[in-house]
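Please take a moment to look over the sequence and the three-dimensional view below before reading on.

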Amino acid sequence: MTHNRQWILRERPQAEVTGQHLQLRSVARPIPGAGEVLVRNIYLLVPPAMRLWMNEEDSYVPAQPLGETMMGITLGVVEASDDPALPVGTYVNGMGGCQEWFTAPAAQLMPLAPHPEVPLAAYRSVLDVQGLTAWAGLHEVCRPQPGQTLVVTAAAGSVGSLVCQLGAGLGLRVVGIAGGPDKCRWLREECGIAATIDYKADDVAARLDALCPGGIDMVFENVGGPVLDLLMERLNDHARIALCGMVASYNAGGTQSANALMRLVTKAARLEGFLVRDHFHRYAEVASRLQALVLEGKLKYRIDILDGLEHLTVALDRLFHGRNLGVQLLRLSPERLA
Ligand SMILES: NC(=O)c1ccc[n+]([C@@H]2O[C@H](COP(=O)([O-])OP(=O)(O)OC[C@H]3O[C@@H](n4cnc5c(N)ncnc54)[C@H](OP(=O)(O)O)[C@@H]3O)[C@@H](O)[C@H]2O)c1
């Protein structure tokens with residue numbers, strides 16, 4: 001295999017991403033220069049934020065340029081090396097792009113030491129950005145107190161499901177809001193969450209009143225929109241909202257109602273946006289704590305893998321229609337070549 005397939009952004013989407021916005025092209029496989037390594041990508045993370053990267057305006061990263069390889073968060077293996085720090089066969093995390101191969105200086109990559117009892121894909125999911133995001137938003141922004149009530153949106157998703165379980169482990173009363181009975185059942189029966197709300201079928205306001213009779217102390221917000229308004233109407237004094245993301249608006253835009261925002265004033269509550277990158281200095285410590293929980297069977301996670309780089313638009317579509325069960329990854333090549 002001497003070619004390299006890669007996605008380029010052809011046109012900026014105004015709503016959902018379709019085949020017209022992205023183009024899959026085949027180019028020559030890159031050759032590493034002095035001090036560089038050649039990496040074969042194995043897993044490509046497909047996060048909701050990828051949709052934001054396609055917008056004209058910068059997000060937390062500069063806007064994806066048109067006509068260039070789509071940015072991508074990858075896990076791969078070193079196949080050729082001109083740096084003894086990263087020998088051939090080393091698994092690495094990096095910003096390898098939506099493509100099968102890339103070259104980079106060794107210093108730009110993070111070598112992995114996978115535990116034999118943990119699937120390799122977990123190192124680009126629960127034990128990576130999603131885990132650190134869940135941990136940082138819960139501990140640093142929500143600042144939980146035992147016995148308090150925490151509501152989590154997109155609760156069965158990759159970040160949300162970890163927040164639910166970490167919160168329950170701290171003695172919080174956790175209410176998870178997710179789309180569909182299967183996701184809600186998984187949260188209750190596998191993840192041990194006390195209560196769930198199916199926002200697609202339930203009367204969310206009535207269920208919140210029933211499940212949070214003493215009000216809401218913390219919200220871990222992944223979605224935004226009308227459900228966040230309902231949560232803000234039920235905030236207790238000095239409540240905290242960790243604004244992790246607003247996935248409901250990534251394709252469509254949207255705003256919160258002024259009445260709901262005014263509750264932040266009348267309850268002296270705090271809504272704080274946060275970015276996982278500001279917490280990377282805790283990466284090794286948090287990943288090791290989460291790995292211990294995974295090995296003890298105390299932290300459940302799901303990884304939703306589609307085979308083949310060509311399925312990028314399908315994977316994005318799954319995220320925005322709630323069809324992903326856990327972290328959405330594309331597998332671009334085998335973990336080990338035969
Ligand atoms: N701040 C940070 O540094 C940071 C880092 C990582 C992720 N994030 C954010 O965290 C959130 C979750 O990301 P994730 O990677 O864990 O994805 P995820 O939750 O695994 O997948 C996205 C989920 O969002 C829900 N969803 C999609 N469109 C929706 C809509 N219109 N209304 C309600 N729910 C909708 C779907 O679940 P249902 O089936 O339940 O609808 C879907 O499965 C996103 O907002 C993301 O941008 C932020």
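Between which two domains does the ligand lie? Before answering, keep in mind that this is a predicted model, and that every value below is computed from it. Residues of the shell around the ligand come both from domain 1, which takes in 3-118 + 302-331, and from domain 2, which spans 129-276, and therefore the ligand lies between these two domains.

The surroundings of the ligand can now be followed piece by piece. Around the ligand there are 25 residues, and the closest of them are Lys 183, Tyr 199, Tyr 250, Val 276 and Asn 324. Sorted by class, this shell holds 16 nonpolar residues, eight polar ones and one charged residue. Some of the approaches between protein and ligand can be described atom by atom. The side chain of Tyr 250 has an N or O atom that is 2.7 Å from an oxygen atom of the ligand, while at Asn 222 a backbone N or O atom lies 2.9 Å from an oxygen atom of the ligand. At Phe 274, in turn, a backbone N or O atom comes to 2.8 Å from a nitrogen atom of the ligand. Taken alone, the ligand would expose 920 Å², and the protein buries 88% of that area. Two elements, α3 (158-169) and α9 (312-320), are those that give two or more residues to the shell around the ligand.

Asn 93 belongs to strand β5, which covers residues 91-94. This residue counts as buried because its relative accessibility is 3%, and a residue is called buried when that value is under 20%. The side chain of Asn 93 reaches the backbone oxygen of Tyr 123 at a distance of 3.0 Å.

Is Ser 333 buried or exposed? Ser 333 lies in the segment that comes after β15 (327-331), and with a relative accessible area of 10% Ser 333 is buried. Its side chain makes a polar contact of 2.8 Å with the side chain of Arg 40, and a polar atom of the Ser 333 side chain also lies 2.8 Å from the backbone oxygen of Asn 41.

Thr 313 is placed in helix α9, and at 18% relative accessibility Thr 313 counts as buried. Although Thr 313 and Val 17 are 296 residues apart along the chain, their C-alpha atoms are separated by 6.7 Å. Cys 184 is found in helix α4, residues 181-189, and it too counts as buried, at 4% relative accessibility. Cys 184 and Ala 155 are 29 residues apart in sequence, and from C-alpha to C-alpha they are 8.5 Å apart in space.

Terms used
Residues are numbered from 1 along each chain as its sequence is written. This is a predicted model: local features need pLDDT of at least 70, side-chain atom pairs count only at pLDDT 80 or more; totals for chains, interfaces and linings use all residues. Side-chain values use heavy atoms; hydrogens and water are left out. A residue is near a molecule or strand if one of its heavy atoms lies within 4 Å of it. A polar contact is a pair of N or O atoms within 3.5 Å; within protein, one must be able to donate a hydrogen and the other to accept it, and residues adjacent in sequence count only if both atoms are side-chain atoms. Accessible areas come from the Shrake-Rupley method with a 1.4 Å probe; for residues, only the protein chains shown count as cover. Helices (H or I, at least four residues) and strands (E, at least two) are DSSP runs, numbered from the N terminus. Ala, Val, Leu, Ile, Met, Phe, Trp, Tyr, Cys and Pro count as nonpolar, Asp, Glu, Lys and Arg as charged, and the others, Gly among them, as polar. Domain bounds come from an automatic or database domain assignment. Buried means under 20% relative accessible area, exposed over 50%, partly exposed in between (1.4 Å probe, protein chains only).
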